[in-house]
Amino acid sequence: MLKEYYRDDLNAREAKEEIQKLTFYPMMFQASRIIKSTGILKEVYLNKRKGIFPAEIAEKLNLPLYGVTILLETGLTTGITYLKKNDAFSLTKMGYHLLFDEATNVNMNFTHDVCYNALFDLEESILSEKPAGLKKIGVEADTIYPYLSTLEDTIKKSWFEFDHYYSDRAFPDALKVVFEDKPAHIVDIGGNTGKWSIACCGFNDDVKMTIIDLPGQWEKAKENIISLGLQDRVFGQVGDVLSKDLSLPENVDIVWMSQFLDCFSKEQVVHILSNICNNMGDDTLIYIQDLFWDRQRDFAAAYSLHGTSLYFTAVANGNSKMYHSRDMYEMIDEANLEVIKDVDEVGKFHTILKCRKKK
Ligand SMILES: C[S@@+](CC[C@H](N)C(=O)[O-])C[C@H]1O[C@@H](n2cnc3c(N)ncnc32)[C@H](O)[C@@H]1O
C-alpha cells in the first residue's frame with residue numbers, strides 16, 4: 001500500500017496551488033494534446049538548445065501565430081516548455097515525455113478518443129449507475145463490450161492500444177508463473193483478440209486453449225488465430241459470463257482471466273467466480289491477473305488506475321472499477337475460492353492471484 005494515501009502533507013500554499021491546477025485540468029489536457037498533434041512541440045524539441053520563438057514555428061508549420069503562442073505559453077505552467085534567457089521557448093523533461101513516452105501517448109489517446117466527451121456525463125453516470133457517456137462514442141447500450149469491434153476506427157484503435165499496452169507487458173512474466181503448473185488446457189475468459197492464447201501457444205508446444213468471449217470479439221480473435229495457423233490448438237466458445245448457465249469445456253487445468261474482472265460490478269464478479277467454481281473440477285486452478293491500485297509502486301500508476309475507473313463509470317458499464325486488492329480477496333472468498341499464491345509486479349503493474357476451491 002502506498003504510504004501517500006495515509007497522510008496529508010502539503011503545506012497551505014502547496015495545497016492551494018494544486019487545487020487550482022485541478023480546476024483547469026481538462027483545458028490543459030487539450031492544450032497539451034494539441035501542442036503535440038500540431039507538430040509545435042516537435043519544433044521546440046528540435047530547437048531545444050538555442051530555443052525557438054512562436055513566430056518561427058508559426059511560419060515553419062504554416063499555423064496561426066495566435067494559436068502557437070497560446071499553446072507555448074500554456075506549456076510554461078503545465079511544465080512542458082520553459083523559457084531561455086532571451087525568452088525563446090525550450091523543452092522540459094515533461095515535454096520530452098509528452099513527445100516520446102509510449103504510455104503517455106497511449107493514455108492520452110484513450111482519454112481523448114474514448115473518454116473525454118463521455119466524461120461530461122460522469123455525474124449522471126454516478127447517480128444512475130449507468131454509463132451515461134457511452135452514447136457520446138456512438139453506442140446506445142448499457143455496456144460497451146458487445147460493441148467493441150464496431151466502434152468508430154479512431155476510438156477502436158485507442159481502446160485496443162490502451163488495453164493491449166498494459167496486458168502485453170505483463171504476459172512474458174505471466175507465462176512463467178502460469179506454466180509452472182504445466183497446464184495442458186487453459187480457458188482464457190475474455191480472451192479479446194487472442195493475444196494471451198497465442199502467446200501461450202508460442203511459449204509451450206503442447207498446450208490447448210479455449211477462448212470464451214462475446215460473439216464480436218471471438219470473430220476477431222478467430223481471424224488472428226487462423227492467420228497464424230493455430231486453429232487446431234486455440235478453440236472458441238461464444239458466451240456471456242453474466243448468463244446463469246455458462247458452462248466450461250471439459251478437462252480444464254487453468255481458468256485464466258486477465259484484465260477481465262475489473263469490467264464487472266462486485267455482485268457480477270462474485271456471480272462469475274461462483275459459476276466457474278461450480279463448473280470446474282476440484283483440481284482446476286483459477287488465475288486472476290489484474291491491476292490493483294493499492295499494489296502500485298508509482299503514484300502515476302495508481303493515478304492512471306483511478307482514471308480508468310472513471311472510464312468504467314461513464315463509458316464502459318457504470319458499475320465496475322479498478323479494484324483495491326482487498327475487494328478482490330473478499331469477492332474470491334464469497335465465491336467459495338481461496339488464494340494460494342499472490343504475485344505482484346507481473347510486468348510492472350499487474351498482480352496474479354492463483355486460486356482454488358476452498359478445501
Ligand atoms: C478489458 S478486455 C480484456 C482483454 C484481455 N484479456 C487482456 O488481458 O488484454 C475484456 C474482455 O472481456 C470481454 N467481455 C466483456 N464482457 C463479457 C461478458 N459478459 N462475457 C464474456 N466476455 C466478456 C470483452 O469482449 C473483452 O474481450
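**View 1. Contact between helices H7 and H13.** Asn107, Val114 and Cys115 of H7 meet Ser304, Tyr311 and Val315 of H13. Contact here means C-beta atoms, placed from the backbone, within 7 Å. The six-membered list splits by class: the contact of H7 with H13 has 4 nonpolar, 2 polar and no charged residues. Ala, Val, Leu, Ile, Met, Phe, Trp, Tyr, Cys and Pro count as nonpolar, Asp, Glu, Lys and Arg as charged, and the others, Gly among them, as polar. H7 covers residues 102-115 and H13 covers residues 299-316. Their axes come within 11 Å and cross at roughly 15 degrees. Axes are lines fitted to C-alpha atoms, for helices over the stretch in contact, and angles run from 0 to 180 degrees between N-to-C directions. H7 and H13 are therefore roughly parallel. Angles under 35 degrees count as roughly parallel, over 145 as roughly antiparallel, 65 to 115 as roughly perpendicular and the rest as oblique. The crossing is left-handed, meaning that the near helix is turned anticlockwise from the far one by less than a right angle.

The model is predicted: local features need pLDDT of at least 70, side-chain atom pairs count only at pLDDT 80 or more, and totals for chains, interfaces and linings use all residues. Residues are numbered from 1 along each chain as its sequence is written.

**View 2. Helix H7 against helix H9.** H9 spans residues 153-178. The axes of H7 and H9 come within 9 Å and cross at roughly 140 degrees. That makes H7 oblique to H9. The crossing is left-handed. H7 contributes Ala103, Val106, Asn109, Phe110, Asp113 and Val114. H9 contributes Thr154, Ile155, Ser158, Trp159, Glu161, Phe162 and Tyr165. This contact of H7 with H9 holds 8 nonpolar, 3 polar and 2 charged residues.

**View 3. Helix H2 packed on helix H5.** H2 (residues 25-37) and H5 (residues 65-78) pack at about 120 degrees, their axes 10 Å apart. H2 is therefore oblique to H5. Their crossing is left-handed. On H2, the contact uses Met28, Ala31, Ser32, Ile34 and Ile35. On H5, Leu71, Thr74, Gly75 and Thr78 take part. The tally is 5 nonpolar, 4 polar and no charged residues.

**View 4. The protein chain as a whole.** The chain holds 14 helices and 9 strands. These are DSSP runs numbered from the N terminus: helices are H or I, at least four residues, and strands are E, at least two. The C-alpha atoms fill a box of roughly 75 × 50 × 40 Å along the principal axes.

Key. Two residues are in contact if their C-beta atoms, placed from the backbone, lie within 7 Å.
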